[in-house]
Amino acid sequence: MTTHHESVPTRCPVAHEDAEAPAGPIPIHGEAFTADPHATYRRLRAQGPIVPVEISPGVYGLLAVTYRAALHLLRNTPVRFAKDPRHWEALRLGQVPADSPARAMMQPRDNALWKDGEEHARLRKAITHSVGRVDTHALVATVTRIADQLIDGFAAAGKADLVAQYTDPLPMLTVIDMFGCSQELGGRIVSAVTRLFDGADAARANAELEAACLELTHLKRRRPGRDVTSHLIAAGLTDPELIQTILLVIGAAAPPTSNHIGNGLRRVLTDPSFAGSVHDGVRPVADALDEVLWDNPPVPNYSPLYALGPQSFEGVELPPGVPILVSFAAANGDPALAVANPAARAGNRGHLAFSAGAHACPAPDLARIIAETALERALDRLPGLDLAVPESALENRPGTFLAGLTALPVRFQPDNRLIQDRTASHR
């Protein structure tokens, strides 16, 4: 039987003459990739615009690493490329391990991300209608309230790990509120989604996630409210569609936004061009967050698709049955772009962090509201905010599909009012 590895060319036909010839598809996972993903993207771009990669151990495909290639794929879906994973030959032949992180993130699901044509249009319409009913003013108030509750928990200490104590829980609690579920159930959903993205025990995480989403579906069918889950139910989705749509929307909203906020705080605290400027209002936090979307998008590699018949792009063959992922991170960093220089990016939102084409993010404005409000609130409430360790000590989360920090240790001026309140409460 032919393995999926053998069906993917090991060298790109348009590789530069001075590029180091790889022994095989370069991995976009593991310690070396996690430590410096942009070094891997540079190696890949030296081979060509779309190149063979190892997505996770033993799972192979192609990766678009230039801006032109990424747009070609995204804008020609579904006419020339399909999203339906049933086109994935290795999966169809049983060659993808059941516990593979790639399988958990790329397998067929009953939601809009993996559908084409009329089915995609129907399911996407349900999502856009449901999230479109979110009151943005109420969302700002919700994020502010949650941010203040979290900050109150550590403001008196003068130090914190902002990933564990702020950037991870804040989007989770916000999305839980939007979907109308309990904190306990919502916590289980987001925990499982995060483990799915990180590739930690993917098969178990997927099973737990689907079970929790089904529990939320049954709850909201019995007691509907003014929340996104109830709006999706009103749109006529079946239970299997609801489970996978809840999974999709929460997965797209919570873990990536956590990483966006964390990477935004890192940018503000370490980039000299932002030193003091966001604190005194000279530059809005939106600028820092947009810089992150260019340089370090929270979902760096995703959007797998499949060629409908033999195709090519700039001399690279794109055989049917082979998954082609889009590297939003590599495309945004393409040196061929006029905005490769960060100084030319002010106000430019031409990045691909929210994807493009028929499957682009349906609610980028909501994601921006959550991230901007969270970042502004941290800067307002934590005077003197600074890193508590050298920047070189910060570590990236492992994984192909998410880009974020494992921890963000900081120090700041303790909130004396909270200290006094706590002292008084113990008298």
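## Close-up views of a predicted model

Cys361 counts as partly exposed, at 29% relative accessibility. Here buried means under 20% relative accessible area, exposed over 50%, and partly exposed in between (1.4 Å probe, protein chains only). This is a predicted model: local features need pLDDT of at least 70, side-chain atom pairs count only at pLDDT 80 or more, and totals for chains, interfaces and linings use all residues. Residues are numbered from 1 along each chain as its sequence is written, and side-chain values use heavy atoms, with hydrogens and water left out.

**View 1. Cysteines without a disulfide.** The whole structure was searched, and zero disulfides were found. The criterion is a pair of cysteine sulfur atoms within 2.5 Å. Cys213 is buried, at 0% relative accessibility.

**View 2. The cis peptide bond at Pro78.** Thr77 and Pro78 are joined by a cis peptide bond, with omega about 15 degrees. Pro78 sits in the loop between α4 (67-75) and β4 (81-82). Helices (H or I, at least four residues) and strands (E, at least two) are DSSP runs, numbered from the N terminus. Most peptide bonds are trans.

View 3. Most residues other than glycine have a negative phi. Ser303 has a positive phi, near 55 degrees. Ser303 belongs to strand β6 (residues 301-307). Is Ser303 buried or exposed? Ser303 counts as buried, at 7% relative accessibility. Glu314 also has a positive phi, near 50 degrees. Glu314 lies in the loop between β7 (311-313) and β8 (316-318). Glu314 is partly exposed, with a relative accessible area of 41%.

**View 4. Packing of α14 on α17.** Helix α14 (residues 239-270) packs with helix α17 (residues 364-381) at about 40 degrees, their axes 10 Å apart. That angle makes α14 oblique to α17. Angles under 35 degrees count as roughly parallel, over 145 as roughly antiparallel, 65 to 115 as roughly perpendicular and the rest as oblique. Axes are lines fitted to C-alpha atoms over the stretch in contact, and angles run from 0 to 180 degrees between N-to-C directions. The α14 and α17 crossing is right-handed, that is, the near helix is turned clockwise from the far one by less than a right angle.

**View 5. Residues at the α14 and α17 contact.** From α14, the contact includes Thr257, His260, Ile261 and Gly264. From α17, the contact includes Ala367, Ile370, Ala371 and Ala374. Contact means heavy atoms within 4.5 Å. By class, the α14 contact with α17 has ten nonpolar, three polar and no charged residues. Ala, Val, Leu, Ile, Met, Phe, Trp, Tyr, Cys and Pro count as nonpolar, Asp, Glu, Lys and Arg as charged, and the others, Gly among them, as polar.
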